[in-house]
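Me: Got a new model to go through. Can we take it topic by topic?

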Amino acid sequence: MKKKRSLNRLKGKKLIDLVFDQGKTFRSKHLLLRVLGFSDSKSLVRCGVSVGKRNFKKAVVRNKIKRQLRVVLQKNSNKIPFSGAYMLIYNTGFFTNTNDLVLELGLLLDKLKTNNL
């Protein structure tokens, strides 16, 4: 059984802006993944999640979806191909099942592996 990779929080305005400015984008039906790979092999995997206020007005609902996205990231942590900064964005206006999101993120990470950043 593979050991799960530990995920660190993506934080800091400079790093987040760098991910949005220079990172590559991968889309699926419900998710958007922004990726910025680091050339240093000793770097950590940093992950962040985001849910738009435009789609979900109440903070309680947005926080629930963020918790769901963190679980999805944790379940797919062994598929993350390289160290870098990852931003996972929920971009639809309705709820989806956690298992569906796990599958979607797995497909996005497979697509990321094939593109070789």
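Me: Which residues line the largest pocket?
Reply: This is a predicted model. In it, the largest pocket is lined by L7, N8, R9, L10, I16, C47, G48, V49, R70, L73, Q74 and M87.

Me: What volume does the largest pocket have?
Reply: About 200 Å³.

Me: How do the residues of that lining divide into nonpolar, polar and charged?
Reply: Seven are nonpolar, three polar and two charged.

Me: Which elements each supply at least two residues of the lining?
Reply: β1 (8-9), β4 (45-51) and α2 (59-75).

Me: On to the sheet. What order do the strands have?
Reply: The order is β1-β4-β5-β3-β2. It is an open sheet of five strands with mixed pairing. β1 and β2 (24-27) are the edge strands, each pairing on one side only.

Me: How many bridges join β1 to β4?
Reply: Two, and these strands run parallel. N8 stands opposite R46 in β4.

Me: Which strands does α1 touch?
Reply: Helix α1 (residues 13-22) packs on the sheet and touches β2, β3 (31-37), β4 and β5. Its direction makes about 105° with that of β3.

Me: And what angle does the direction of α3 make with that of β3?
Reply: About 35°. α3 also packs on the sheet, touching β2, β3 and β5.

Me: New topic: T92. Where is it?
Reply: T92 is in the loop between β5 (84-90) and α3 (98-115).

Me: Buried or exposed?
Reply: T92 counts as buried, because its relative accessibility is 10% and the cut-off for buried is under 20%.

Me: What is T92 in contact with, leaving aside neighbours within four places in sequence?
Reply: K29, H30, N55 and F56.

Note on methods. Residues are numbered from 1 along each chain as its sequence is written. This is a predicted model: local features need pLDDT of at least 70, side-chain atom pairs count only at pLDDT 80 or more; totals for chains, interfaces and linings use all residues. Side-chain values use heavy atoms; hydrogens and water are left out. On a 1 Å grid over the protein atoms alone, a cavity is a set of points where a 1.4 Å probe fits but cannot get out, and a pocket is an open set with protein on both sides within 12 Å along at least five of seven lines; lining residues have an atom within 4 Å of a point. Grid points are joined across faces, edges and corners, and a volume is the space filled by probe spheres set on the points. Helices (H or I, at least four residues) and strands (E, at least two) are DSSP runs, numbered from the N terminus. Ala, Val, Leu, Ile, Met, Phe, Trp, Tyr, Cys and Pro count as nonpolar, Asp, Glu, Lys and Arg as charged, and the others, Gly among them, as polar. Buried means under 20% relative accessible area, exposed over 50%, partly exposed in between (1.4 Å probe, protein chains only). Contact means heavy atoms within 4.5 Å. Two strands pair if DSSP finds at least two bridges between them. Axes are lines fitted to C-alpha atoms, for helices over the stretch in contact, and angles run from 0 to 180 degrees between N-to-C directions.
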